[in-house]
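Let's take a walk through this fold, starting with a pair of helices and ending at the sheet. Keep the structure open as you read.

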Amino acid sequence: MQTKSLLTLVAASLCALGASAQAVRVEKNMSLELATKIAAATVAACSADKYNVTATVVDRAGTVRAVMRADNAGPHTVAASQAKAFTSASGKNTTAAMWEGVQKNPASANVAMIPGYLLLGGGLPVKVGDEVIGAVGVGGAPGGHLDEKCALAGIASVQDLLK
């Protein structure tokens, strides 16, 4: 009887150990080095087109990792770029696509009411494969499509690191 109880205890312990091991997640995330490279390349791309912007890069949880503000970029561009990056990381989509989705489905318009969200073009997720590891948001170009173009250039500049 004592052996049977001991075996039951050992089996239960092994089950608990297996369950706790599965509870630990391993995730890819945005490093400071990568965030800084993306932000710098994004601002450089916009500067080449004569746009004074701010680029903010966030990690997968929407926490700011890097911010670069071009000379002469308006003060509002900092908040706008951060909100776009947060929105993109949170929604795991481009902010332009999220805005289009709201336009097509008015019932989802309340998504714009989420604190910190900004549904304007210029926020793009940064992915390793299909996994979103963060996002970049850009504010300051004369149109969200131009902010997005700069963000695409910033991500493209580190594409070899996103593997």
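An axis here is a line fitted to C-alpha atoms, for helices over the stretch in contact, and angles run from 0 to 180 degrees between N-to-C directions. Helices (H or I, at least four residues) and strands (E, at least two) are DSSP runs, numbered from the N terminus. This is a predicted model, where local features need pLDDT of at least 70, side-chain atom pairs count only at pLDDT 80 or more, and totals for chains, interfaces and linings use all residues. Residues are numbered from 1 along each chain as its sequence is written, and side-chain values use heavy atoms, with hydrogens and water left out.

Look at helix 2 (residues 32-48) and helix 5 (residues 144-156): their axes come within 7 Å and cross at roughly 135°. I38, A41, T42, A45 and C46 of helix 2 meet L146, C150, A151, A153, G154 and I155 of helix 5, contact meaning heavy atoms within 4.5 Å.

Strand 4 (residues 131-139) is joined to strand 3 by 6 bridges, with G123 opposite G137. Strand 1 (residues 54-59) is also joined to strand 4 by 6 bridges, and there T54 stands opposite G139.

Definitions and conventions: Pairing = 2+ DSSP bridges.
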